[in-house]
Amino acid sequence: MPTKTKILEQNKLKEPKMFKVLLLNDEVTTMDFVIEVLISVFHHDFNNASKIMLEVHSKGSGVCGIYTQEIALSKQKKVNDMAQMANFPLQTRVEEE
């Protein structure tokens, strides 16, 4: 029995690295579109989406959420696709937490 315990202790899983997804401010993308992205892609409610949008507008960027790398990159792609379809230059950045 002690051998099994020893092996289990050696195989402890590490927590995955987390990445934050940021929206970057630009002079073209509308505030309404940014709110729409925050609600549809990041599942924020209207009030929280409005706060993040104002942070993006006033500070140049804002954190939309923190995810594992795969999910963060997937959300970044969704935002980029939405922006391209709507003809907005909205950009995102993924940074390690």
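Let's start with strands β1 and β2. β1 covers residues 18–24, and it pairs with β2 in the antiparallel sense over 7 bridges. Please keep in mind that this is a predicted model. Two of the residue pairs can be picked out on the screen. Met18 has Thr68 of β2 as its bridge partner, and Leu23 stands opposite Gly62, also in β2.

Put together, that gives an open sheet of 3 strands in the order β2-β1-β3, with antiparallel pairing. Which strands are at the edges? They are β2, residues 61–68, and β3, residues 91–96, and each of them pairs on one side only. On average, neighbouring strands in this sheet are turned by 25 degrees against each other, if we ignore direction. For those new to sheets: strands pair through backbone hydrogen bonds, and the pairing can be parallel or antiparallel.

How much of β1 is covered? Mostly covered is the answer, since 5 of its 7 residues are buried.

Now the rest of the chain. The protein chain has 4 helices and 3 strands. Read from the N terminus, the elements run α-β-α-α-β-α-β. The chain has 97 residues, and buried residues make up 33% of them. There is also a number for contacts across the sequence. Take the contacts between residues at least 6 apart: 73% of these join residues at least 24 apart.

α2 is residues 31–40 and α3 is residues 46–59; the angle between them is about 125 degrees and their axes are 9 Å apart. On the α2 side, the contact is made by Met31, Val34, Ile35, Leu38 and Ile39. On the α3 side, the residues are Phe46, Ala49, Ser50, Ile52, Met53 and His57. Sorted by class, this contact has 9 nonpolar residues, 2 polar ones and no charged ones.

α2 has another partner, α4. These two helices pack at an angle of about 145 degrees, and their axes are 11 Å apart. This crossing is right-handed. From α2, the contact uses Phe33, Glu36, Val37 and Ser40, and from α4 it uses Val79, Met82 and Ala83. By class, the residues of this contact divide into 5 nonpolar, 1 polar and 1 charged.

Which residues of α2 are buried? They are Phe33, Val34, Ile35, Val37 and Leu38.

Is Phe42 buried or exposed? Its relative accessibility is 5%, and buried means under 20%, so Phe42 counts as buried. Leaving out residues up to four places away in sequence, Phe42 touches Val21, Val37, Cys64, Tyr67, Lys75 and Val79.

His43 is exposed, with a relative accessible area of 62%. Its phi is near 60 degrees, which is a positive value in a residue other than glycine.

Asn87 is the other residue to look up, and it lies in the loop between α4 and β3. The phi of Asn87 is near 60 degrees, again positive in a residue other than glycine. Asn87 is exposed, and its relative accessible area is 68%.

Methods: Residues are numbered from 1 along each chain as its sequence is written. This is a predicted model: local features need pLDDT of at least 70, side-chain atom pairs count only at pLDDT 80 or more; totals for chains, interfaces and linings use all residues. Side-chain values use heavy atoms; hydrogens and water are left out. Axes are lines fitted to C-alpha atoms, for helices over the stretch in contact, and angles run from 0 to 180 degrees between N-to-C directions. Contact means heavy atoms within 4.5 Å. Ala, Val, Leu, Ile, Met, Phe, Trp, Tyr, Cys and Pro count as nonpolar, Asp, Glu, Lys and Arg as charged, and the others, Gly among them, as polar. Two strands pair if DSSP finds at least two bridges between them. Buried means under 20% relative accessible area, exposed over 50%, partly exposed in between (1.4 Å probe, protein chains only). A crossing is left-handed if the near helix is turned anticlockwise from the far one by less than a right angle, and right-handed if clockwise.
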